[in-house]
Amino acid sequence: METPSTGGEGTTPRRRFHFRLVPTLFLRPRRAYGEIIRLDRPSWLTPLLILSLAALLPVAALGRVRQQAGAFGAESLPPDYQYYTPEQQAQFMQALESTRSPTFLYLLPSVGAVAVVWLGWLITGGVLHLVSTILGGRSTSLAVLNIAAWSGLPFALRATLRAGFILLAGRAINGPGLAGFIASDSAGVVLFARQLLATFDIYLVWHMVLLGLGLAALAGLTRGKVIASVAVTEIVALLVQAIPAAILASLAGLTIVRPFLF
């Protein structure tokens, strides 16, 4: 869709979406950011739409795998299940069966995945704008939010590859990122460290590089201040992400919530 805008020198097309910039961002990010900045209007809808759709792919893949399996396996049962009375076993199985509905397999995880995308964008953009302003930057919040959205596109590729792995392997990814270096049955601070390490991978590094290039394109900051701004932003964003993830993981012992965890 295009809405012509008059003024200045002729008519300039105003596009709602800018998909043509997606390959440019991956291949020539400095050129892409130059065009994004020259737009001087919100362009974050395009990358956020891509990220939201990509976030649904692992949800759909895992839901399909679990639906095809027809059950969540023996690990879904509590250790002392055999000591339950027949009535208690029946009640437990009925509750477990309800978590196999499309609502629990697809709807709720999809809402959560999309919410993570949008909240992550707001947190990253907000913190980056605050830190860069403190360090002397004079960029607008709109420009920084645009940069934050576009720099997240590597995560769309990660989500797509994860969905493919889930379908091919027929199981969830148990130790994403660097989480595999810590046992899955850890607790306390070690569990928090595991959730934090789960966010570290090549796509996070790629995202940070793009975030730095975008912030540098806005001008007003030295290279050192750009690096400091990105580092502080990512530390805050990762901590915010790891805390709720650790809380959910600590509840994994409650069998009824295990099906929700990736």
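Author: A definition to begin: a salt bridge here is a side-chain nitrogen of Lys or Arg within 4 Å of a carboxyl oxygen of Asp or Glu. This is a predicted model: local features need pLDDT of at least 70, side-chain atom pairs count only at pLDDT 80 or more, and totals for chains, interfaces and linings use all residues. Residues are numbered from 1 along each chain as its sequence is written, and side-chain values use heavy atoms, with hydrogens and water left out.

Reader: OK. How many salt bridges does the structure hold?

Author: There are 4. One of them joins glutamate 35 to arginine 20, at 2.9 Å from N to O. Glutamate 35 sits in helix 2 (residues 29–39) and arginine 20 in the loop between strand 2 (11–15) and helix 1 (21–27), so the pair ties together parts 15 residues apart in sequence. Helices (H or I, at least four residues) and strands (E, at least two) are DSSP runs, numbered from the N terminus.

Reader: What else does glutamate 35 form a salt bridge with?

Author: Arginine 31. The closest N and O atoms are 3.7 Å apart.

Reader: Is glutamate 35 buried or exposed?

Author: Buried, at 17% relative accessible area. The cut-offs: buried is under 20%, exposed is over 50%, partly exposed is in between, with a 1.4 Å probe and protein chains only. Arginine 20 is partly exposed at 46%. Arginine 31 is partly exposed, with 46% relative accessibility.

Reader: And which residue does aspartate 201 meet in a salt bridge?

Author: Arginine 162, at 3.9 Å from N to O. Aspartate 201 is in the loop between helix 8 (188–197) and helix 9 (202–217), and arginine 162 is in helix 7 (residues 153–169), so the pair ties together parts 39 residues apart in sequence. Aspartate 201 is buried at 17%. Arginine 162 is partly exposed at 25%.

Reader: Switching to aromatics. How many aromatic pairs does a search of the whole structure find?

Author: It finds 5. In one of them, the ring centres of tryptophan 118 and tryptophan 121 are 5.8 Å apart and the planes stand at 90 degrees, so the pair is edge-to-face. Rings of Phe, Tyr and Trp (its six-membered ring) pair if their centres lie within 6.5 Å; planes under 30 degrees apart count as stacked, over 60 as edge-to-face and the rest as tilted.

Reader: Where do tryptophan 118 and tryptophan 121 sit?

Author: In helix 5, 3 residues apart, which is about one helical turn. Tryptophan 118 is partly exposed at 30%, while tryptophan 121 is buried at 8%. Trp44, Trp118 and Trp121 form one aromatic cluster.

Reader: What does helix 5 reach from its first C-alpha to its last?

Author: It reaches 47 Å. Helix 5 covers residues 102–134, 33 residues, and the span is close to the 48 Å expected at 1.5 Å a residue. The expected span is 1.5 Å times one less than the number of residues.

Reader: Which residues in helix 5 are buried?

Author: Among them are Leu105, Pro109, Ala113, Val117, Trp121, Leu128 and Val131.

Reader: What comes just after helix 5?

Author: Glycine 136, with a positive phi of about 110 degrees.
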